[in-house]
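Hi,

Here is the structure I promised to pass on to you. Have a look at it first, then read on for what turned up in it.

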Amino acid sequence: MASSPKARGVKSIVILVLILAVPGFLYYLLTAKGKNRYKPLPIYGPKVVAKTSHKFHGKLIPDTIYHIADDFDLTDQDGKKVSFESFPKKIVIASFFFTNCPTVCNEVNRNMDSLAHAYVNNKLVQFVSITVDPQRDQVGVLKKYSDRFGVSAAKWKFLTGDTSAIYNFARKSLLVNALQTGPDDFIYSDKIIMLDANRRIRGYYSGTSNTDVSRLNDEIRVQITEELRKVETPEM
């Protein structure tokens, strides 16, 4: 038998309540009573034990100084100067590419495109793709290339700049390879890299692996939760 209009209305209300309530309930489970109820993501890169310490559950714990990505000075597809200061307190999803790349870059950027669309309305997440061929990939080239994806430069920036600055940023800050070995030959990582709002590396993911990209999608949500907890429980 067909359900009555009243029954359909009640059902719609129940579904709406569930849609609104479930994310809040999950967030409560993750942050209840100010305690971690999820496994935080690892922090990559060299670590140094500091001379300072903090208390946790009554125990004195030595502080750790983690690797932090240096700032950069590059230019996006709209000709605007970009640095980490352009998106403060944001999770940054970064990758490398060049527009003449025949295979790997296209697959990586298709996955970046999917993620950028998934988080297009989330103000905590920023996407950047950095060319390893800046001599050819200048602003006009990047603009034409980026237009194919239909994501605004505010959400996904394609960056170019000085070759040495890009290669040094890749190696020293993001801890991946990036260099030119011939006129059309480049060695660069296919990894998508996630940095937290403190510019610490929280994950490496193969940009050509659907499994890794799916894991990145899940771990972006975990990192969003961590950043929200910082707002709710600021460090003293």
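A search of the whole structure finds 12 salt bridges, a salt bridge being a side-chain nitrogen of Lys or Arg within 4 Å of a carboxyl oxygen of Asp or Glu. As background, side chains of opposite charge can pair when their charged atoms come close. Before you zoom in, keep in mind that this is a predicted model, where local features need pLDDT of at least 70 and side-chain atom pairs count only at pLDDT 80 or more, while totals for chains, interfaces and linings use all residues. Residues are numbered from 1 along each chain as its sequence is written, and side-chain values use heavy atoms, with hydrogens and water left out.

One of the salt bridges pairs Asp76 with Lys157, with 3.1 Å between the closest N and O atoms. Asp76 sits in the loop between β3 and β4 (81–82) and Lys157 in strand β7 (residues 156–159), so this pair ties together parts that are 81 residues apart in sequence. (Helices, H or I with at least four residues, and strands, E with at least two, are DSSP runs numbered from the N terminus.) Are these two partners buried or exposed? Asp76 counts as buried because its relative accessibility is 0%, and Lys157 counts as buried at 12%. The cut-offs are these: buried means under 20% relative accessible area, exposed over 50%, and partly exposed in between (1.4 Å probe, protein chains only).

Arg136 is partly exposed, at 34% relative accessible area, whereas Asp133 is buried, at 3%. Arg136 also forms a salt bridge with Asp184, where the closest N and O atoms are 2.9 Å apart. That pair links distant parts of the chain, 48 residues apart: Arg136 is in the loop between β6 and α3 (139–147), and Asp184 is in the loop between β8 and β9. Elsewhere, salt bridges that share partners join Asp196, Arg200, Arg202 and Glu226 into one network.

Now for the whole chain. It has 5 helices and 11 strands, and 41% of its 236 residues count as buried. Take contacts (heavy atoms within 4.5 Å) between residues at least 6 apart in sequence: 66% of them join residues at least 24 apart.

Which residues have the most contacts inside the largest nonpolar core? They are Ile93, Phe96, Phe127, Leu174 and Leu195, in a core of 53 residues. A nonpolar core here is a set of buried Ala, Val, Leu, Ile, Met, Phe, Trp, Tyr and Cys residues joined through side-chain atoms within 4.5 Å. Strand β5 gives the largest share of this core, 6 residues. Leaving out residues up to four places away in sequence, Leu195 touches residues including Phe84, Ile91, Val92 and Leu174.

Helix α4 (residues 163–173) has Ile166, Tyr167, Phe169, Ala170 and Ser173 as its buried residues. These pack against β3 (74–75), β5 (91–97), β6, β8 (178–182), β9 (185–188) and β11 (201–206). Just after α4, Leu175 takes a positive phi of about 60°.

A polar contact of 3.5 Å joins its side chain to that of Lys81.

The chain averages a pLDDT (the predictor's confidence in each residue, from 0 to 100) of 86, and 82% of the residues score at least 70. Over residues 9–29, though, pLDDT is below 50, and this stretch has 6 contacts in the model beyond near neighbours in sequence. Residues 31–36 also stay under 50. Where pLDDT is low, the predicted coordinates should not be read in detail.

Cheers

Notes. Polar contact = N/O pair within 3.5 Å; in protein donor to acceptor, adjacent residues only side chain to side chain.
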